[in-house]
Amino acid sequence: MEGLIRLVPLIPAIPLLSFAVIAIYLRRYHKLSSYVAVAAIFISWLLSMVIVLSAVAQMPHFAEEPAVHLTLLRVPTGGTSLDIGVQIDPLTVALLFMVPTVCLMIFIYSTGYMHGDPRYSRFFAYISLFTTGMLGLVVADNLLLLFICWEVMGLCSYLLIGFWFEKPSAMWAGLKAFITTRIGDVLLMLGMVLLYTQTGALRFETVFAGVERLAETNPTLMYVTALLVFGGAVGKSAQFPLHVWLPDAMEGPTPVSALIHAATMVAAGVFLVARMFPIFVVLSGMPALAWVAAIGAFTAFFASTIAIAQDDIKRVLAYSTISQLGYMIMALGLGGFVAAVFHLITHAFFKALLFLGSGSVIHGVGTNDMMEMGGLRKKMPYTFWTFLIGMLALAGVPPLAGFWSKDEILAVAFEQNMLIWVMGTLAAFITAFYMTRQVFLTFMGQPRNEEIHAHESPPAMYVPLIILAIGAVLIGLLGVPAELPVLGPLLGNNPFHHFLAEQFSQWHYVHLPHVGFNALVMLISVVMAGGGIALGYLVYGRKPLQAGQRDPLERMGAVWTLLRNKYYIDEIYRATIIRGTILLADLFFKFDQGVIDFIVNLIGKLTERWSYVSGLFDTYVIDGIVNGVGRVTSAVGQELRYIQTGRVQNYLVIVVISVVLLMGVFLYM
Amino acid sequence: MIPLSWYLIVAAIIFCIGLYGALARRNAIGVLMGIELMLNAVNINLIAFWRYITPEVLTGQVFALFVITVAAAEAAIGLALIISIFRNRETVTVEDLDMMKW
């Protein structure tokens, strides 16, 4: 590993280089710029695979050793220095397996999807930069580099969501994503500053060593710091109060949605919490972790309900992403670190698959509205089958990826907190239902709009779908519980768990709960997934929707309206926070106009008056004195001039008199 | 021996006569002669002091010789000036020579 660490900085650097090359030299060469971008991510992928494979080859030795560092840059800050570098540890390796793979698929897919776009090469420049951000974040060994990459992603999300900025909705969506995540970014930065001032370091290992003392001396501050860092994750990973930007992010091109939802942006938030896990558990009683769990569980349930009532094919997936991210955050909150990272990785595969599949559908039919679709199974076979695999994986059907990871999370929840387990299980049920609804509405039955002539997408698009589908089937097998009869031992007794479980063994205050295999939980999960799919079939499958027919769920009445309008969260925000902000801004404007301007004007006017008075003083007093001196001198001179008689004898008389006087003075004094 | 004060009195009388002449004469030549008288009064003083107080060194005599030399030069320049004024203004009356006034 010590030798290979030198390769690690190249992983984010190569896409960055491709970004620069495309942005500067290749703007007009569309084909060439896409090749450069794909080649760059391919090289990054190869390097990542070298790292991953050598890490796996060095198991179990690798997992138990502390992280390997490489310092790239030393920034002197007075007495100490701020080291910026990269590191390899199990968590990094796990993400280096997922991120470049999914990104590579998305890049290849984009060459087909974005074909003919006037800003084709710009698109590839942006997604290269986006990937740089995520890869840099994954390999960073300190909070500063992590935060820089975090912000790079924020910028790229803005640029890419608003990529079709001719559409006002896309422009506003980009803005909304940027501003909403910014709230989280500010919280994260505050947390980072607090950590730096309290522990004097930004490198993860030093921070983790330092927080232990902080937790003893100032538990309140530690609690606040952990919550602030979590705030960053809430913004980036679209958790409950700040989730509103993610559905709107669907305005961007579909590969971007896949990139944001699967491999990069939202994964960054979960990654942050996973990376900073020790600071959440360092306080006894772990109050910060309880918040993480509560917000995660609530988001998982809440977002899944909204997904039921959406017609936009991508919005359904967007809410499902929020819900799945909720699962991950919830798992982290319950201490299920391994389960969360496992779900992060499996989810990336099948969610990228689903998004790219939906993109393929949109590419084929030219609309996002599922009510216009139907019957695409025959016309788009590759898309249909791969989408079906993704849907089953997300719904949690064994033995696909989503089943194993979701089950691990639910097993953790079952042992830690019943309420959270119930919410998670209900969300799983709802997830299975809405995914079934989506598949039936999109692919089954007859076309509901005769004007749409759907066609299968080019190979550049469906080949990545097939590869991701294979991933979605197989990835989950890495994390099959060791205690599961037959299958567990056969698949290496949960290799993924062994890989990650020692991540925090250096810090004795981190205790990851050991979660065994729980047959009851697994059975209930399977029943829930099956039940959701069955209910979906009953509602949408038996009698496929005809053209012009309304959604059968509309019979739910008020609940339907509530869900369809996303619990009116956007409206509530608009009525409260946004309105409040504008009112406040108005108030400040008035204050500015009325008070600040008044004071400034008053000062100006007073200065003017005072300078007038001062001018008068100058004219009459100062000038008077100066002139007076002149005039007095002149008058005295006028009188004294008569002494100057011009007669030498007069002068001599004066001399004599003076000498006599002086003699008198000297003689008698 | 004649006491020193006698010489000093004689010198003072001559000095006062010279001063009166320098201040009161209207003729420029008279003024010049007054000045000569004052200088010679000083010479008498110098010689008298030398003879009575410090006869062993020659300072007083030398000083007197210098004064005589300077007085001769002064008389020469003074007369030359008076001749020049007379040629220009046809007068040697001091009261009339008052152009250098206010």
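Here are legends for close-up views of a predicted model.

**View 1. Where chain B meets chain A in the predicted model.** Let's start between the chains: 10 residues of chain B are in contact with 11 residues of chain A. On the chain B side, the touching residues comprise 7 nonpolar and 3 charged, with no polar ones. As for confidence, chain B has a mean pLDDT of 91, and 99% of its residues reach 70 or more. The model itself scores ipTM 0.86 and pTM 0.76.

**View 2. Helix 11 of chain A against helix 16 of chain A.** Here the axes of helix 11 (residues 254–263) and helix 16 (residues 337–365) of chain A come within 8 Å and cross at roughly 165°. Because of that angle, the two helices of chain A are roughly antiparallel. Their crossing is right-handed. Look for A:H261 and A:P255 among the contact residues of helix 11, and for A:K351 and A:F355 among those of helix 16. Sorted by class, this contact has 9 nonpolar, 5 polar and 1 charged residues.

**View 3. Helix 18 of chain A beside helix 21 of chain A.** In this pair, helix 18 (residues 381–395) and helix 21 (residues 459–474) of chain A have axes that come within 9 Å and cross at roughly 30°. The two helices are therefore roughly parallel to each other, and their crossing is left-handed. Residues making the contact include A:Y382, A:I389 and A:A393 from helix 18 of chain A, together with A:Y462, A:L465 and A:V473 from helix 21 of chain A. The contact between helix 18 and helix 21 of chain A has 9 nonpolar and 3 polar residues, and no charged ones.

Key: Residues are numbered from 1 along each chain as its sequence is written. Chains are lettered from A and ligands numbered from 1 in the order in which they are written. This is a predicted model: local features need pLDDT of at least 70, side-chain atom pairs count only at pLDDT 80 or more; totals for chains, interfaces and linings use all residues. pLDDT is the predictor's confidence in each residue, from 0 to 100. Two residues are in contact if their C-beta atoms, placed from the backbone, lie within 7 Å. Ala, Val, Leu, Ile, Met, Phe, Trp, Tyr, Cys and Pro count as nonpolar, Asp, Glu, Lys and Arg as charged, and the others, Gly among them, as polar. Axes are lines fitted to C-alpha atoms, for helices over the stretch in contact, and angles run from 0 to 180 degrees between N-to-C directions. Helices (H or I, at least four residues) and strands (E, at least two) are DSSP runs, numbered from the N terminus. Angles under 35 degrees count as roughly parallel, over 145 as roughly antiparallel, 65 to 115 as roughly perpendicular and the rest as oblique. A crossing is left-handed if the near helix is turned anticlockwise from the far one by less than a right angle, and right-handed if clockwise.
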